[in-house]
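Visitor: I would like to learn how to read a model like this one. Where do we start?

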Amino acid sequence: MTDQPAIQVEDLHKRFGTVEVLKGVSLTARPGDVVAVIGGSGSGKSTMLRCINLLETPSAGRISIKGEAYEMRSVRGEMEPANRKQVQRIRAHLGMVFQSFNLWPHRTVLGNVTEVPIHVLGVKRAEAEARAIAVLERVGLGDKRDAWPAQLSGGQQQRCAIARVLAVEPTAMLFDEPTSALDPELVNEVLSVIRDLASEKRTMILVTHEMAFARDVATHVIFLRDGRIEEEGPPEQIFGAPRSPHLQQFIRSVA
Ligand code: ADP
Ligand code: MG
């Protein structure tokens with residue numbers, strides 16, 4: 001059981017209208033894996049992440065979380081989730097951190113972190129708040145619990161978004177370019193939180209343009225190009241000895 005993948009994606013396809021943006025992507029994240037996903041703009045990185053928690057509905061393929069496959073059905077040739085309760089239950093433990101923070105503006109920092117535990121997971125308020133305070137301390141926001149999102153810097157907002165994910169005791173954490181919207185001087189405070197989580201062997205899939213960081217924290221790197229995995233492997237191989245000319249060129253272009 002311990003070796004059961006936290007996330008398994010098999011032959012994932014995603015079409016928008018007639019355009020196929022994911023053309024058969026497979027990946028496995030075992031507990032403790034940090035899978036970095038790199039690739040140019042429009043290669044399908046966000047779509048792939050969004051399919052994993054069913055923010056987008058796959059057109060074909062199979063996705064399992066801790067060994068449990070999403071139940072899908074076909075309606076007039078289109079796939080759709082067949083079991084809303086299952087999706088809600090699985091998604092509640094798949095924390096996603098977006099480029100644009102996505103905090104609830106009318107909830108305090110503490111309110112943002114306790115919202116899902118209380119209202120989706122049914123945790124008692126006192127317990128949820130105690131846990132929220134602990135995770136806020138972890139990300140260095142212990143003194144900001146009563147602040148509003150608009151009063152925080154971008155780096156603080158993103159650390160709050162990470163705390164919100166930690167509060168649900170995630171099966172895995174999904175990061176979609178978590179530092180791309182930040183001013184350069186705020187990038188490191190967020191990367192250092194993610195680095196700590198990686199070193200605790202938390203399972204994560206991390207879409208990032210921070211190549212040095214990916215090389216440092218990833219256990220496995222996937223290079224997406226035009227909706228397909230063009231090359232994948234350990235970071236030393238992907239960054240140190242890339243084989244695909246497209247990957248070589250991509251690495252040069254972002255270096
Ligand atoms: P990346 O995150 O690698 O930059 P995306 O997954 O955002 O790439 O997008 C992959 C492709 O899918 C792009 O061509 C994009 O325009 C297209 N796309 C993404 N979301 C939608 C959507 N909701 N409707 C139509 N096309 C989309
Ligand atoms: Mg994207």
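**Reading a helix and its surroundings**

Guide: Start at a helix end. Gly140 follows helix 4, and its phi is positive, near 80 degrees. Keep in mind that this is a predicted model.

Visitor: What span should helix 4 have, and what do its end C-alpha atoms give?

Guide: Helix 4 covers residues 125–138, 14 residues in total. At 1.5 Å a residue it should span 20 Å, and its end C-alpha atoms are 20 Å apart, so the two agree.

Visitor: How do I read the sides of a helix?

Guide: An α-helix has 3.6 residues a turn, so residues three or four places apart point the same way. In helix 4, the buried residues are Ala128, Ala132, Val135 and Leu136. They cover an arc of only 100 degrees around the axis, which puts them on the same side of helix 4.

Visitor: Which exposed residues sit on the face turned away from the buried side of helix 4?

Guide: Ala126, Glu127 and Ala130.

Visitor: What do the buried residues of helix 4 pack against?

Guide: Helix 3 (109–119) and helix 5 (154–166).

Visitor: Now the domains. How is the chain divided?

Guide: The assignment gives domain 1 (1–93 + 173–255) and domain 2 (100–169). Their C-alpha centres lie 24 Å apart. Domain 1 puts 11 residues into the contact, domain 2 puts in 14. On the domain 1 side, helix 6 (residues 184–199) gives the most, with four residues. By class, that side has eight nonpolar, one polar and two charged residues.

Visitor: And which residues are around ligand 1?

Guide: Among them are Phe16, Val21, Gly39, Lys45 and Thr47. Helix 1 (residues 45–52) supplies the largest share of the shell, three residues. The shell has two nonpolar, seven polar and one charged residues.

Technical notes: Residues numbered from 1 in each chain as written. Chains lettered and ligands numbered in written order. Predicted model: local features only at pLDDT ≥ 70, side-chain atom pairs only at ≥ 80, totals over all residues. Near = placed C-beta within 6 Å. Helix = DSSP H or I, 4+ residues; strand = E, 2+ residues; numbered from the N terminus. Nonpolar A, V, L, I, M, F, W, Y, C, P; charged D, E, K, R; others polar. Domains from an automatic or database assignment. Contact = placed C-beta atoms within 7 Å. Expected span 1.5 Å × (residues − 1). Buried ≥ 20, exposed ≤ 12 C-beta atoms within 10 Å, placed from the backbone. Arc of directions from axis to C-beta.
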